[in-house]
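Please consider the structure shown below together with the following numbered points.

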Amino acid sequence: MKRIIVAGGGHGGIAAAALLAEKGFEVTVYERHKREDMGYDWTDIFNHNCLKAAGVPMPDDDKYEIKGDVVFYGPSQKTEFVQRSPKNQPEIKMERKDIYNHLIAHAEEKGVKFEYECSILSALLAGDRVVGINTDRGAFYADMVIDACGCDSPVRKTLPDCCGIQKGTNDFEKFYIYRAFFNRKEKDTVENAFKLTLFFNNIRGISWVTTEDEYTDVLVGRFTPFTKKEANETIAAMREKNPAIGKKILRGGSFAQIPVRQNLSILVSDGYAAVGDSAFMAIPLIGSGIANAIYAGAILADVIANDETETYSAETLWDYQKRYFKEHGTGCAMLACFKNFLVKTEPESLDNIFDYGIDKLRGSLSRTKKIKDNATLKDVLEILLHARSLLTDKAAGKELGEAAKKMAKLLSITSQMPKEYSRNEVIKWAQKYNRIFDV
Ligand SMILES: Cc1cc2nc3c(=O)[nH]c(=O)nc-3n(C[C@H](O)[C@H](O)[C@H](O)COP(=O)(O)OP(=O)(O)OC[C@H]3O[C@@H](n4cnc5c(N)ncnc54)[C@H](O)[C@@H]3O)c2cc1C
């Protein structure tokens with residue numbers, strides 16, 4: 001029986017583990033936390049279609065609710081941009097602990113073993129090949145290691161340089177987040193329950209406040225690390241505009257990080273594949289990574305199960321890379337180009353986009369009927385180029401044009417991804433892909 005190690009209890013790794021155990025693989029997940037300490041003490045929104053893709057049943061109805069509308073604001077908060085949730089909205093809101101309860105129960109039912117309180121230190125190598133993991137409980141060997149250890153994975157960081165997999169992140173590629181649930185002060189009806197502001201107080205990043213019946217969910221996110229004092233100052237300023245935010249922290253009140261960048265240019269090596277945050281798969285603008293992690297886990301399990309050579313080499317795992325990019329990665333990488341545009345944009349320019357660009361864009365698009373439900377990446381690119389011509393802030397228009405050009409180049413580069421794995425060819429291709437995102 002072939003043995004698979006899932007390094008870290010990330011969502012995509014657990015989803016892959018369940019599918020592989022079902023196919024007869026011997027699968028063990030090694031996780032540093034105790035079972036009850038896994039996951040954050042807060043809610044998450046994710047697209048539930050990923051569960052179906054990974055053969056995971058829907059959670060019970062009382063465990064989730066359908067996500068509502070999101071209202072976006074620019075730094076001045078003068079103009080609203082409402083993202084309406086359609087009735088058949090596939091995005092659900094669920095407690096993170098319940099997501100883990102659901103995924104782990106499913107995986108255990110399929111035969112996956114979990115080893116908790118086991119800290120992974122590094123990849124275990126035989127030459128260039130990953131053959132297991134080194135942990136604080138000793139070395140564990142396997143035919144294949146799935147890296148689901150998150151953004152700072154010690155497995156990814158200790159891979160041999162020659163496999164070409166990037167080890168860390170660059171500036172502006174991680175989001176530093178403070179999140180807390182405060183008591184709800186005012187009980188008056190709040191017009192917009194979920195408000196998300198870009199560059200609140202003119203600081204590069206996002207902040208949101210969601211007003212629920214019993215609490216307010218407050219998040220402050222920035223591209224550079226910040227202190228609790230700074231978080232509190234920002235929340236005090238948010239409170240002035242959102243009097244419902246009380247002062248008593250009910251839950252959370254801690255810092256975390258999310259990768260907000262294009263996913264890894266190379267996802268596989270001999271005996272190794274990365275899923276979820278360890279491959280930087282979270283959606284670059286908003287940091288949602290659960291669905292992509294689970295989609296990736298499902299694709300990877302399928303590729304592993306269909307590897308007739310049973311070598312789990314980079315060559316045979318390459319199909320996972322090709323499929324992930326085609327189905328999810330390229331779209332996210334497009335958003336990473338747009339995020340890099342935002343990172344450079346001045347707050348006034350962003351206000352100009354909100355105050356003039358969005359309405360004009362909406363008006364002109366509805367006239368030309370360019371927005372389609374099944375818009376392709378090329379359609380999105382066309383819309384951005386169109387948006388650039390509408391902006392009155394010429395500097396922002398120029399930057400947006402540059403971002404659109406990078407996206408066009410990206411589409412061309414991803415379409416040239418090597419069909420077969422050859423280390424030299426793949427590394428050459430990865431260098432081209434990575435260069436697009438130089439800020
Ligand atoms: C504040 C905040 C809000 C978010 N909101 C959303 C949201 O609403 N929707 C959404 O889709 N996503 C959200 N995300 C992002 C989401 O958490 C991740 O993108 C998603 O969990 C995918 O990451 P992962 O499961 O691959 O890795 P992770 O969630 O990072 O899990 C990695 C696992 O590996 C374990 N591990 C790490 N290192 C070791 C080690 N050395 N040894 C053993 N085990 C180890 C960790 O303990 C953890 O269990 C949010 C993130 C943050 C921080």
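1. Helix 7 (residues 314-344) spans only 36 Å between its end C-alpha atoms, whereas a straight helix of 31 residues would span 45 Å at 1.5 Å a residue. The expected span is 1.5 Å times one less than the number of residues. Helices (H or I, at least four residues) and strands (E, at least two) are DSSP runs, numbered from the N terminus.

2. At Phe 325, helix 7 bends by about 60 degrees. The bend is the angle between axes fitted to the seven residues ending at a residue and the seven starting there.

3. The model is predicted: local features need pLDDT of at least 70 and side-chain atom pairs count only at pLDDT 80 or more, while totals for chains, interfaces and linings use all residues. Residues are numbered from 1 along each chain as its sequence is written.

4. The chain is divided into domain 1 (3-64 + 90-167 + 260-327), domain 2 (174-259) and domain 3 (335-435); the bounds come from an automatic or database domain assignment. The centres of domain 1 and domain 2, taken over C-alpha atoms, are separated by 30 Å.

5. In domain 1, 11 residues are in contact with 10 residues of domain 2 (C-beta atoms, placed from the backbone, within 7 Å).

6. Around the ligand there are 33 residues, of which Gly 8, Gly 10, Gly 150, Gly 276 and Gly 289 come nearest (near: C-beta atom, placed from the backbone, within 6 Å). Among the elements that give two or more residues to this shell are helix 1 (11-22) and strand 13 (174-184). Domain 1 and domain 2 each supply at least three residues to the shell.

Definitions and conventions. Two residues are in contact if their C-beta atoms, placed from the backbone, lie within 7 Å.
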